Every structure is written in structure tokens, then in C-alpha cells.
Amino acid sequence: MTDLSPNLQDQPRVGLFVTCLADLFRPSVGFAAARLLEQAGCRVEAPLAQTCCGQPAYNSGDRASAKAIAAQVIDAFESFDYVVAPSGSCAGMLRRHYPALFADDKAMAARAEDFAGRCWELVSFLYDVRGVRRVEASFDGAVAYHDACAGLRELGIAEQPRALLASIDGLTLKEVAAGETCCGFGGLFAVKYPDISIHMVSNKTAAITDTGAQTLLAGDLGCLMNIAGRLSREGSPIRVRHVAEVLAGMADGPAIGPEINKGDR
Amino acid sequence: MQITTPQFSANAKDALADKDLQMALAKLRAGFTARRGKATDRLPEFDALCDQARAIKDHVLANLDDYLVRFEAKVIECGGQVHWCVDAAEARDVVLALCRDAGAKSATKSKSMIAEEIALNDHLEAHGIEPIETDLGEYIIQLAGEPPSHIIAPAIHKTKDSIADLFVKHHAKYGFDQRQDEASALLEEARQVLRSKYFEADVGITGANFLVAENGSIVTVTNEGNAELTQILPDTHIVIASLEKVVPTLEDATTILRVLARSATGQEFSSYTTFSAGGRRDGDLDGPSAFHVVLLDNGRSAMLGGEFQDMLRCIRCGACLNHCPIYGAVGGHAYGWVYSGPMGAVLTPQLIGIEAAGNLPNASTFCGRCEEVCPMRIPLPKMMRHWREREFETRLQPAVSRLGLALWSWFARHPTAYGLVARLAAWGLNRVGGRNRRIGWLPGAQGWTADRDLPAPEGKSFRALWAAGKR
């Protein structure tokens, strides 16, 4: 892939917000994101002072902790031209919710507002900001793409991943029926209301199975772990990956969760 | 009505196991959402109308006292009376007193969520006045002794069979001794029973979709024409409405009407939309001689100026219920009180207290679909989060959750310590996952693992690998 801006000075400095789930469960997603950003002509750094975007506290009603974590993220990433996360949910938190968190603190609100404007979800950053229209990856088979709620509704991410996936040789994209419906993850919701969560994810895995695709992709590890966990419990041979892995041509490693072959079930 | 909101999880479990309910909900999820989608697609100015509708209600809420006083003056001009009620008990007593003044033995009712909110039927019955629901869905659940399971489709959870059973049981006394199996025959039977009730009733009680300040009229919206018969035939018409239903002008009411039916059922307009002001005037051929508006506050004025004010824009279209994956999974009864779905998750804690209703704003994935389809642009997820904040501030969450959250947030604020724990967890969980890379059981995580696996981590944390120079 050709760099859009080969001159080092013109290359934006991007802080990779790797997300707590990718950090703990799937570093491959972070490395795939870094590769994609570099291919798109960015200088990538991943500050080690990062932990989490603060959503678990924010969505549990602990506003004070959420603010403290948000302030820490802003401190760690403020110096970058852009902050990019391989997650619509975390990027949505940085972009949409940080300014709201500091609404009662004028100085911080201004910082959060300026910061939020430079925060992006990975695929939309590649497509909308860096103008990437095709990736030099190949993938053999049919994939279904799941629209994660926060990316879809808070950030308007729908066409960008589909367009980039369509540029991959050998890849066929399948649409999931009722694709706008949540998979039932919802962070702590999944453990607080497991019966409802399982009902929702089972509807989702049924719709994914109906597409006939052998691989499921999405841009958010929360949804992916929920869907992969349910597929694996169902004994499904469908492989689950973060969309960045496929776009970066790094889909040769193990998928998320077990790999069940058709004969095994 | 007994509040079962604290047992939301148990209610949900029952609902998920109820096959009839699940079939009804699957139909509702597909039908209502598709019809709304078509209706809004056909109207290019739908979004602009939603903005206007929101602006109208925001203006009303900023000047609520003024418009309510104007509305009352116009009602009096039309020969009616407005009764201001602080809470449910006062509203019940006022309605009962008005029924007694009219010497009523029975009262017909058209659909009103406010009547549900104040448990009016129980109160009237306890005092010897027979309330008769005239909306078919409401009539069915009245016979069944159940609350509505949806704000615009109250009997959506009922199958044709269960309705036939109810009619056999309750209509024998009217001479209907044949069990009907066809929907049209059941409908015809209900019409015949209700027809005589309309004429016998001494009082007609309706809700109101709008109260119009400029001329004191009320607006009702139905698909059955039952609100019209309810308000025209008896000698007394009582309107029960909460105070945020007021709009300044007829023009404002019609603007909001253009988004109401489209959002609710996907109709451009409901079959019957009736504007009526006051009772019978000289020369009128029909209509009640007495006209009363019972105006209910019940905690709503306390929402003004606070973080829940936007909820008062709600026009009860039900779009948030129809598009909510939680409502779509468990239906309305699981919510344990009158209001369900996202709008119920925000409103119920205000009306019965967050102590009892804490489950409702928590039972959301914040998927955002409700806010997306709300024609009044109510930020429902944001307000559910505000309720969670209230719970946190008043220490209502279980001690274990609070401790877990406190521990987690301490680590999240200490990156070095967090990094160590993440490395350890990545390594440990990877070992637990073994060669299959799946974790089928984890102590303390049964909520996750009971019916789904936890995919095991790759083994090292990203930050550890990155710090070690991997690229």
C-alpha cells in the first residue's frame, strides 16, 4: 500500500488507544490497528499510561471515577494529532461522552471538547480522515459483518468497514438480518441480566448462521467476545475476528475463542 | 396494582420461557418496526417534524404553568372544570367523587395510561362503580385482570385462544354461550357486549393525547372510535391527563400528531382523531352535560428543570418499546408496573422510586435504538444513566458490585498496577482456556459462562508486548 504522505513531517502522530479488552484478551487487534495506521501514513505510538476509557464506571453511575479516568486519558493522549481506538464503543466514549462528563468544569470541558474532536474509531479514521479506499489484504471466503451499536449509532459507522472489506480479494460480504439489533453484550449488562443477554445473543448467532458465512467480523471486542462465546457454546464452526485483523491481512492466527471444525460437533 | 419491578430478573426469566409471549413479541418486533420504517421513509420531512415537535414541547415545559392556567381558563369558558391533583390518591378520589355526583353505577373508559398509573379501575370497583374498558385490548386485559403489556397494544401478549377462553368465561352472562375461534367473530362478540355498556354508562372517562391551551380542547387518538362513544354518550365526561400533555395551539397539536401515529403504528394518521371542547352546548344534538378535566402531577413538576425534564416530552407512541431489544425479549409485564420499555425505565423510577425500580434503568445495553427512533428526541439512554448515578450516589447497588467497581476503578487510575494485573490475567486466563482457548466456567462469572463461553486471552497483554518492542 502506498503512503498517502511519505514525508515524515506530514505524517500525523496517532496515539493508539488500544482498549482494555484488546490489551487483555486480544493484542493482535492492537497490532493490526497499528499496521493499518502505519499503512495509512501515520506515525503510531501506544502510550503505556493507558488503561481503559472509563465506560464501566460511567455506565455504573460512578461519575467521579469516570471523570478521573477520562482526565487521565486526556492527559496521556492530548499531545497526539489524533487518537484512534479499534472500537466504536470506546471511541464513542472519548468522542461523545467525555465532553458531557466535564460539562460542569469549564476549563476541562474545553480540553475534552478539543480532545473529542481528534478521537476516532479505527475504520472510520482510515476511511473518513485518511481517505483509505482499499487495503492490500486477501481473504478467502464469505464473511458476515456485525454492526456494533455504539459505532453504528454514536459514530455513524456502517459504510466504511463494508467499503474496505469489499476491496479485499476473495472476500464475499454477507448481511446479517436485523443487523441493527444489539447482540446483548452491553458491558456489565451481560452478567447482570444473563438470561436476557443470552436470548439476545442467541437471536444474533442464529441470524449470523443464516448468512452462511464462515467468518463473523465486527469492530468491537465486547460484541465479538459475546458472539464468539455463544457460537462456541453452540458448537458452531463460524470463526470470529475483529475487522482490523482482516483489513490488515493478519487473519492467519487463531480466531477469537476455539476453532471448531464442522466434523467436531 | 402490585409492583413487581424489584423481581425484574425473575419476571424476565418467566417471560423468556413463555412460548406464546415469545411468538407475540417476535411478530411485534418485525411488524411495528417495519411499518414505522416505511411510514417515516415516505415522509421526507419526518426529521424536520420531529425537531419541530421537540421544540414545541420544550417551549411548553419552559412555560408549563402559564399554558396550564390558560388551558384551565378556556375549559371554564367552555363550561367545564379543571381539577388539579398532586398525586394518584387525590386524582382517584376526585374521579370517584365526580362519578358519585353523577350518580354513576358504571363508567365507560377509553384507553388511558394515566388511569393505569393511578390504578383507577380498582378504586372505582372498590367503591361500587363498574369501570368498563372500551378499547378492545384494554377490555381483554381487564377481563384477564392484568395490566397492559404495551402502552399502545395493551393485549399484545394475548393469543386468540386465550382471548376466546376469556370471552367464554365472561360473556356467558350476556347470552354468548358459543366459543368463537375466529378473530372477527371474537371482535363482533366484544362489540355487541360493549355496545349496550356504552348506552348504560353514566360517566365516560377518557385520557387525552393533547390538551390545547388556546381553546381548552382535548384531543384523543384511537383506531376503534371508542373514545368518541365514551365521551359523547354518557352525561358526564371526565378527562384524565397528566399536566405535560398541554400544547399551546391546535397547530402545535397537529404538528405532533404527524409524528405520533407514524412512530406508533406506522399509520399516517390514526383512524380516529377527535378534538372536543367542553360539554354539550345549546343546540348540540349530543354530548355530555358535564365536562371535567382531572389534571395529574404525580411527581412530574419535580422533573422540571432537572436531568429528567426531557422525559416530559414523551407522547406515548411506543416506538421505543417496539425497537428495544430488551422489551422485545421480555415484553411489558416483566417491567413490573404500568410503563415498560425504555420510556418506562426512565419514568417508572420517578413515579414509584428508584429503590423499587432500580432494575429498569440498569436493564439496558445502551444500544441507543430507542433514542434513534424517538420522535420527540428524548435522550433515553442518557437518562437511564442518570438513574444509575442516583443509585450510586445513594449506595443502592449491592455491596459486592460497589466493591468490585471501586477496586476496578482504582486500578484503572493506576496504569502501572493495572498493567501488572492485566498481564497476570492474560496469562492466567490463557492457561485456564487451555488448548481450546475457551473458558466454560469461571468462579464469580456464571452470569457470563452459564450459557456462553469466555474466549480465552492470547496470553500476553498488548502493553507488555508493545513495551517489549513487538510491532
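## Two domains in chain A

In this predicted model, the centres of domain 1 of chain A and domain 2 of chain A, taken over C-alpha atoms, are separated by 23 Å. Domain 1 of chain A covers residues 8-127, and domain 2 covers 133-264.

Let's look at where these domains meet. Domain 1 of chain A brings 29 residues to the contact, while domain 2 of chain A brings 26 residues. On the side of domain 1 that touches domain 2, at least two residues come from each of α1 (20-25), α2 (27-39), α3 (55-58), α5 (88-101) and α7 (122-129) of chain A. That side of domain 1 is made of 14 nonpolar, 10 polar and 5 charged residues.

## Where chain A meets chain B

Next comes the contact between the chains, with 59 residues from chain A and 54 residues from chain B. Several elements of chain A give two or more residues to its side, among them α1, α2, α3, α4 (63-77), α8 (149-155) and α12 (221-234). Which element gives the most to the side of chain A that touches chain B? That is α11(A), with 7 residues. Sorted by class, this side of chain A holds 31 nonpolar, 17 polar and 11 charged residues.

## A look at chain B

Note on methods:
Residues numbered from 1 in each chain as written. Chains lettered and ligands numbered in written order. Predicted model: local features only at pLDDT ≥ 70, side-chain atom pairs only at ≥ 80, totals over all residues. Domains from an automatic or database assignment. Contact = placed C-beta atoms within 7 Å. Helix = DSSP H or I, 4+ residues; strand = E, 2+ residues; numbered from the N terminus. Nonpolar A, V, L, I, M, F, W, Y, C, P; charged D, E, K, R; others polar.
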